[in-house]
Every structure is written in C-alpha cells, then in structure tokens.
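Please look over the sequence and the model below.

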Amino acid sequence: MIPDANFFAQQYKKHHEFSFGRKTMSQTIGFIGLGNMGGPMAANLVKAGHRVLGFDLSGAAMSALADAGGEKAAGIAELAAAADVVVTMLPAGKHVRQIYQGEGGILENAKPGTLLIDSSTIDVDSARAVIGAATELGMPMVDAPVSGGITGAAAGTLTFMVGGTEDAFAAARPFLDIMGKTIVHAGGAGNGQAAKICNNMILGISMIGVSEAFVLAERLGLDAQKLFDISSTASGQCWALTSYCPVPGPLPSSPANREYQPGFAAAMMLKDLKLAQEAANSSGAATPLGAEAASLYTLFCNSGGESQDFSAIVRFLRGS
C-alpha cells in the first residue's frame, strides 16, 4: 500500500525545513520552462542559495540560467531524478500532462516525496488530473499560477494563487515566498487555476470597459487626462484604469507610453479568457461579458495585435 500524499508532505517538512519561520535549507530544485517568466523565477531560487537544475527547449534560456548560477539539465528524466523539488512553467495543459505523466516524464522518474509545483496557467481539469496522479504516487503537488508579469517575476514580487492540500501548500510555501510577495491558498487541487482565470476574466472585461470609455471621451472632445483625473477618484476607478491606463499620458508607467510593448501580451490574455470560457461551459456558469471579451480579444489578436500588450485593445476599439 502506498502512503498518501499527506504522509510524504509531513516527511518533507520534517527533513527539509529549519525549526524557525519558513526558511528552507538549500535544496536541489528542478525548473522546467525557463521563458520570460520561468527564467527570472528560477534565477531568484538560485539567489536564495538553492541548487537549480533547469531545462528548456531553448538553448538561450538554458544559457541564461547558467549565467545566473544555475545548471543545465540534460533532460527531464535526469532533472526529476535529482530534484527535491520540481517547478514547472509551461504553455498549456497538454504540455503539463505530457511533462508530468508522459513516458520519461516527472512522475516516472521523481523520487517518492518529491515536492511538485506547477506555476503554468492551464485548464482546471488538467491541473486536477495531474495532481491526482502525483498524489497516488506519494508526491505532494500544488497548482500555483502567478500574476505580476515579467517585472514581478524578476523582482520576486509575484502573486501566487495556490491549489492543493494544506500540507502540500505548507511544503511549497517557502519556495513560493522566494519567488513571490503575495501567496494565497485558494483551496483544493485546481483552485489556483480557478482563481487565476476568474481574476483575469475580470481584468480582460474591465480593460475593455476602460478602453471604450477613453474612445468615447475622444469622440466627445473630453481630454484623456481629465477623464483619468475624474474617474480615478470616482465610481469608475479600477485597476485597469489607475494601474494600467490604456492611453498614453495619464500614467507614465503603463505600456501605452511604450508603444504597447507587452507586460502581458494580448495573446496571453486571450488564452486566459478562453480557459475561463471552457470552465464556464463545463460548470454551467453564465459569463456573457467574459464571452464577449474573449470574442473581442480574438478579433484583436487575429488582426495582428497578439504580440502587443493587452491594453492595446484600445487601438482596436478606436479603429486604428
């Protein structure tokens, strides 16, 4: 009989944590997916004193980790076998399933008790399926998608929305604390993904609303700065307006003042909106505004906007 995941999580905490706070001794961490988000996250784990073995299909990404003090792994099997902790940051659910459950994957090669953290943004069903498979093999696992973009990944200030058991969350927390500033346990397996797609559906809808207001203001002869000054302190106030204003001028830090170079690309917003719609359809939830947002971002991306920041939707709504 294989002991359950709680047993291994308890053993992990017993052998790998100091007795004070949530600081951990140096561990061997395998990190798969070293792109714009995963690369800086892995580098922060190196800075914290951990040995980090990295793997990515991009040779440049592997070299960047090596330059930051990490090590290149020859493949997934080698990485999984050597690691105390495995972190993944992958494009989609199909990739997560393959990397974890496929032949030569993580679950086939990792030691029982290895802590698994998936920070990809994927569909809830895939997250729950992979965590279920890991649990059966005695490996504590959490789904821990992030918010905060490339800047937050580099600064170690990401927000992690975490799904999994209390024990798995407790085991993962010290490592998430290195990579992020706000760590929230959202509930059971898959709830991290649920929180992420619900949050980004709000963001996608609100960005469209703010953009429409600025386009209307232009047509009516109302200065963008005046609208910002009014709405930022009135009932129209929201994050999409006051932290990420979609038009140049009012907020110097927003991508609108950098020709919409992406902090969060429109293609990524569309991905999240589609995940939200898949979840809404499977659960029977009514999300008419979420559906319309997904349609508008589909049109925007298909018109060439996929690599621009998602706030550039204002250009599409303006017709430019």
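In this predicted model, the lining of the second largest pocket draws most on H13, which contributes 7 residues. The pocket itself holds about 320 Å³ of space. Its lining counts 18 residues, and those closest to the centre are Val124, Ile197, Ala276, Ala279 and Ala280. Two or more lining residues come from each of helix H7 (124–136), H10 and helix H13 (266–283). By class, the lining has 11 nonpolar, 3 polar and 4 charged residues.

For H10 and H13, the axes cross at roughly 120° and come within 9 Å. Angles of 65 to 115 degrees count as roughly perpendicular and those over 145 as roughly antiparallel, so H10 and H13 are oblique to each other. The crossing in which H10 passes H13 is left-handed. On the H10 side, the contact consists of Lys196, Ile197, Asn200, Met201, Leu203 and Gly204; on the H13 side, Met269, Asp272, Leu273, Leu275, Ala276, Gln277 and Ala279 take part. These residues divide into 8 nonpolar, 3 polar and 2 charged. Ile197, Ala276 and Ala279 belong to this contact, and these three residues are also among those closest to the centre of the second largest pocket.

Helix H10 spans residues 191–220 and helix H14 residues 288–305; their axes lie 9 Å apart at an angle of about 70°. H10 and H14 are therefore roughly perpendicular to each other. Here too H10 passes its partner, H14, in a left-handed crossing. H10 supplies Met201, Gly204, Ile205, Met207 and Ile208 to the contact, while H14 supplies Leu289, Gly290, Ala293, Leu296 and Tyr297. The contact of H10 with H14 has 8 nonpolar and 2 polar residues, and no charged ones. Met201 and Gly204 of H10 take part in this contact and in the one with H13.

The remaining lining helix to follow is H7, which packs against helix H5 (residues 93–101) with axes that come within 9 Å and cross at roughly 10°. Angles under 35 degrees count as roughly parallel, so H5 and H7 are roughly parallel to each other. Gly93, Val96, Arg97, Tyr100 and Gln101 of H5 touch Asp125, Ser126, Ala129, Val130 and Ala133 of H7. The classes in the contact of H5 with H7 are 5 nonpolar, 3 polar and 2 charged.

What does Asp123 touch, leaving aside residues up to four places away in sequence? Asp123 sits in the loop between strand S5 (115–118) and H7. Asp123 touches Gly93, Leu275 and Glu278. Of these, Gly93 is also in the H5 contact with H7, and Leu275 is in the H13 contact with H10. Asp123 and Phe31 are 21 Å apart in space, C-alpha to C-alpha, and 92 residues apart in sequence.

Terms used
Residues are numbered from 1 along each chain as its sequence is written. This is a predicted model: local features need pLDDT of at least 70, side-chain atom pairs count only at pLDDT 80 or more; totals for chains, interfaces and linings use all residues. Side-chain values use heavy atoms; hydrogens and water are left out. Axes are lines fitted to C-alpha atoms, for helices over the stretch in contact, and angles run from 0 to 180 degrees between N-to-C directions. Helices (H or I, at least four residues) and strands (E, at least two) are DSSP runs, numbered from the N terminus. A crossing is left-handed if the near helix is turned anticlockwise from the far one by less than a right angle, and right-handed if clockwise. Contact means heavy atoms within 4.5 Å. Ala, Val, Leu, Ile, Met, Phe, Trp, Tyr, Cys and Pro count as nonpolar, Asp, Glu, Lys and Arg as charged, and the others, Gly among them, as polar. On a 1 Å grid over the protein atoms alone, a cavity is a set of points where a 1.4 Å probe fits but cannot get out, and a pocket is an open set with protein on both sides within 12 Å along at least five of seven lines; lining residues have an atom within 4 Å of a point. Grid points are joined across faces, edges and corners, and a volume is the space filled by probe spheres set on the points.
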